[in-house]
Amino acid sequence: MHGDAVRHDKVKYAFIWPAFIIVLVISIFPLIYALTVSFQSVRLVPPLPPRFVGVDNYVDILSSQRFWGSTWTTATIVFVSVAFQYALGFLLALALHHNVRGSSLYRVVFLLPMFIAPVCVALIARMVFHPYLGPVNDAMVGLGFGNLPFLTEPALAIMVLISIETWQWTPFVTLLMLAGLQSMPSEVFEAARVDDIGPWRRFWDLTFPMLLPLSVAVIFIRLIEGFKVIDTVFVLTGGGPGTATETLTLFAYNEGFKKFNLGMTSALSFVFLIVVIVFGTIYLAAARRLMRRYA
Amino acid sequence: MMENRSLRIVGLVGCLVWLFFSFFPLYWVFVTAFKPPLAVSQGATYIPFVDFQPTVQAFRDAFSGIRGDFFGPIMASISISLVATVLSVFLGAMAAYALVRFEFRIRLASGLMFGVISIGGFVLLNGLFDIGVPYALLVVLVLALVVSIWMNRYGLPGPVLGNNDVTFWFVSQRMFPPIVSAFALFLLYAEIGRAGFPLLDSFFGMVLAYTAFGLPFAVWLMRDFFSTVPVEVEEAAQVDNIGRMRIFIQIVLPMSLPGLLATSMIVLAFIWNEFLFALLLTSGDWQTLPILLAGQQSSRGDEWWAISVAALIAIIPMVVIAAILGRMMRSGLLSGSIK
Amino acid sequence: MKRLLLSTVAFAALGAGTAMACEPDYTGVTLNVSTQNGPAIASALAAAAVGWEERTCGTVNVIEFPFGELYPKFLTAMSQQTGDFDVIGFVPAWLPDFSTYLSSMPVELQEGSNWDDIHPVYRERLMTWNGEVKSATMDGDMHMLNLRADLLEDPEEMAAFEAAYGYPLAAPVTWAQYYDQAEFFHRPDDGLFGTAEAYRRGGQQFWYFFSHAASYTNNPSNPGSMFFDPETMDAQINNPGWLRALEEYKRGLDFNPPGALNNGSGDVRPLYAGGTVAMNIDWADSGVLGSTEGSIEGHVRTAMLPGSTEIWNHVSGEWDTFDEVVHSPFLAFGGWQLAVPADSENPEAAWDFVAEVISPEVSGQAIVTANSGVNPYRFSHYDNLENWSSVFSEEEAASYLGAQRASLDAPNVALDLRLPGFFSYTEILEIELSKALAGQVTPQEALDAIAEGWDALTDEFGRDTQLAAYRASVGLPPL
């Protein structure tokens, strides 16, 4: 089933077309709409007639301090939190896979954070991190740090946001890596065990390389989704003080759904898309190189 | 085996630490749901009966309906997200299977042609000839597809895109920030509704949007799970002249069940919590839970006890599902029997 | 229980005479009425719906959305004419952006005793846009100063205060007195703090700032000049009056409980009701919470916002001084309103429902129903003191209603900002305000940045149209 047969077997279209058509139909119009609008000045409030402005929207965005600031904030939150999520998630998956004591309990509890709506997580976090009435404050005071302004000091606020992202999305990594571990053929490990290869080498020589493609996919999805972080920021800091903790999607949300400055939002969305594609391509290229080294 | 034992202990301690870390906020929600207002506003309280007198007032408020109707959104959320999850995982798995087992070759030029025809054609039809959005879109879509498929047959110059690029195309649909897409989809649904086929605030409209929403994850993840399935079994079946679809459903899917379940849970989690599309595409009948949850943060400040009750109600169906799927994923139960 | 009984009786009485007749007959009509998630406002609409359904045989479907998403939801639905909503419950600040999509109130509703019973500030100003009545107030709203009788009337406190500040302790009438008292009662070691105001971005922060600013910028000799120059539309927000307001608003942080930068209006309320602070600034909610669920029951006192003897005059560029304290109570938010979108399929029934909600009988019940979120806005609401006995003691009710009535009747009452593109203006304001409060920039720098941003927005939206809209919003004739 290689060569010509694989290339020309018509049945492959029957497999891929349903998914292809649904995604295309739902996403093509938003894309067309956003693209055309991004070259216009379109405002629903106050209702001004649309007018063509060329690349003005893009120029405005690229020359705005606020855009670069929010890109930097978003990238910081995403890269740091995804690194934590991957490392912790993988370790937990390994522990669960080897059936540590009580793993059936963990398996359920560990998953729960992922199933709570982000806006809820954000509200819960605001309770927990309340600088005066929250338990984290109690703990910090107990440890002798005093009342920390968790949400009104930019650096602290960003750390809080990173820990919330990590809390909510580590289960995502755990779940998928666990599934990956369970789909690995067990013969390989039997052989390794017979050869008396230590667990450390077994991980780096067998498990890690075999799960590398899955790891790449998992991290990639987390990166893409992470770039869209909005609810936690919106609820916890509102992007403040000033715009010190504003993320790209929050910026776009305010332009789009508060000010209904649709031209600007669309242009911003495309710039965002480009930013993500750039980061994504760099990441995938690096990942491919890594995979080749192991292959 | 000394090393193994110490590793086990490290693993256990790590799990316990993480258990505390992930469980504490949930515990906090749980106890807060029973707190009277003053037990919140006068400093942190931890243990019911010791720190404060618990009350079920917040639950009573929630079920009496003064904080919004919970029953409707729960049913809407469950039915929409289950159907959309099953659809997107199944269709996504099919596409992923095709991407693993077959080779696709798409010329970049024909892809670009699709873009040019669809965007240019739409602007032309809708902008200059004033044809309604749904009709213009339908015409361009069919035209652009036919032309680009036809052009793909007859050699075009330029680079050729392979399976990796097709997969990337699927995932790239998730890269576009949802703000504009949600608004544009709302416009499209409104236009189609005016043409006589209501999609706004309808089950079908929501399932369609969410299926498209979940498909990229399903394709991207299932591709990696399928790639670990050995091809030999399928080849044997093919020799016996069993159709592809049957091979897929009866052999391939069961063999990657852990992956299938994990993917379903991921997709379900995303759909269950989706907010922006739900906000714009629904109003009365099919409003989903996240809208109701967000509403608990009222204009007049945070009533933590009410927020906590709403969060608990929203998470219970997911606890059940996570428990069921978690059991099914217990190691050895699935993988051992197949391989 | 008594309240519940009363309202059932009222509804039954309404229903009994007309239930058979369906007057007017709206059988088969379903109204989609939408507002923020309950209980506030939504429960009042649901309660009114019961009576309306009995009277007209129609059905009402109350659809709720999160407050933060109400504006985009309504705006997208109305601009696309989906016909999703027959009645919307919203905020006066959005009226300029919504007005093009709204139908006007039928003239027969704009006459008679029910109409004249509505306080003119609402009837003539907040409910109209460009000379047309586009909405109906269903809730009165303003900032007030909430005080505590257990502190103000304590002989020891009174003596100590007078000894320290040289004048007797009483409800503060100027902001200077307000800060004296905040300082006097600020005793963190005893768990008592001077005052509570909202400072969190997205937590109604800027309305608190406006409440301070009104006293220094709402000059009676230049009406409508608080936010913009009504001749040129130049932003006024960086003038010395506003600067003084911001400096004072920021100074208040010293007398707030720790972590006040995270407090929204919702956090300010329990602080007062729980007795943690000596006073607060809030809408009417603090008083009700304090005397029903709080630990200061019976001691709730309410006063009009403090005023000032100096008000900035932007024409002369100097401070005008007055012999008497001028109160410029600020109608922050302005209360929830109802309107009927132009794309509604049942405008007649929809307006009939609106009339039901705002009728003196139904609204008179709503204002004394717990958690309805409805506050007085009719003369009859202020006069019927006995309705309030379930919530307040007699003294409490008198000061609570008296403060509200006095605010509305104050000759120099200050209205909230209402302008097309409201969110664009307030976004700049919130960003710079939070920077100034966090100490990243000086107050003057922040205000200059806001003024610059506002002027740029005005130019972008069209200075002439914005000027015309602004003049309309403050009740000035067109230029």
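In chain A, residues A:Val78, A:Ser81, A:Val82, A:Gln85 and A:Tyr86 of α4(A) meet A:Ile219, A:Arg222, A:Leu223 and A:Gly226 of α11(A); two residues are in contact if their C-beta atoms, placed from the backbone, lie within 7 Å. This is a predicted model, in which local features need pLDDT of at least 70 and side-chain atom pairs count only at pLDDT 80 or more, while totals for chains, interfaces and linings use all residues. Residues are numbered from 1 along each chain as its sequence is written, and chains are lettered from A and ligands numbered from 1 in the order in which they are written.

**Helix pair α4(A) and α11(A)**

- The axes of α4 (residues 65-97) and α11 (residues 212-226) of chain A come within 10 Å and cross at roughly 145°. Axes are lines fitted to C-alpha atoms, for helices over the stretch in contact, with angles from 0 to 180 degrees between N-to-C directions.
- Helices (H or I, at least four residues) and strands (E, at least two) are DSSP runs, numbered from the N terminus.
- The crossing of α4(A) and α11(A) is right-handed; a crossing is left-handed if the near helix is turned anticlockwise from the far one by less than a right angle, and right-handed if clockwise.

- Helix α14 (residues 262-294) of chain A has 33 residues, which at 1.5 Å a residue should span 48 Å, and its end C-alpha atoms are 47 Å apart, in agreement. The expected span is 1.5 Å times one less than the number of residues.
- Buried residues of α14(A) include A:Leu262, A:Met264, A:Phe270, A:Phe272 and A:Val276. A residue is buried if 20 or more other C-beta atoms lie within 10 Å of its own, exposed if 12 or fewer, and partly exposed in between, with C-beta atoms placed from the backbone.
- The cover over the buried residues of α14(A) includes α2 (11-38), β1 (40-43), α3 (56-62), α11 and α13 (248-258) of chain A, together with α8 (178-194) of chain B.
- A:Phe260 sits in the loop between α13 and α14 of chain A. Its phi is near 50°, a positive value in a residue other than glycine, and A:Phe260 is buried, with 25 other C-beta atoms within 10 Å.

**Chain B**

- Chain B has 16 helices and four strands, and 48% of its 339 residues count as buried.
- The radius of gyration of chain B is 25 Å, whereas a compact globule of 339 residues would have one near 20 Å. The value is taken over C-alpha atoms, and the globule rule is 2.2 Å times the number of residues to the power 0.38.
- The C-alpha trace of chain B spans about 80 × 70 × 35 Å along its principal axes.

**Interfaces**

- Chain B puts 99 residues in contact with 86 residues of chain A. Helix α1 (residues 2-32) of chain B gives the largest share of the chain B side, 18 residues.
- That side of chain B divides into 68 nonpolar, 22 polar and nine charged residues.
- Between chains A and C, the contact takes 20 residues from chain A and 23 residues from chain C. The chain A side has 10 nonpolar, eight polar and two charged residues.

**Backbone features of chain C**

- The peptide bond from C:Glu23 to C:Pro24 is cis, with omega near -15°, and C:Pro24 is in the loop between α1 (2-18) and β1 (30-36) of chain C.
- C:Asn130 has a positive phi of about 50° although it is not a glycine.

Key
Nonpolar A, V, L, I, M, F, W, Y, C, P; charged D, E, K, R; others polar.
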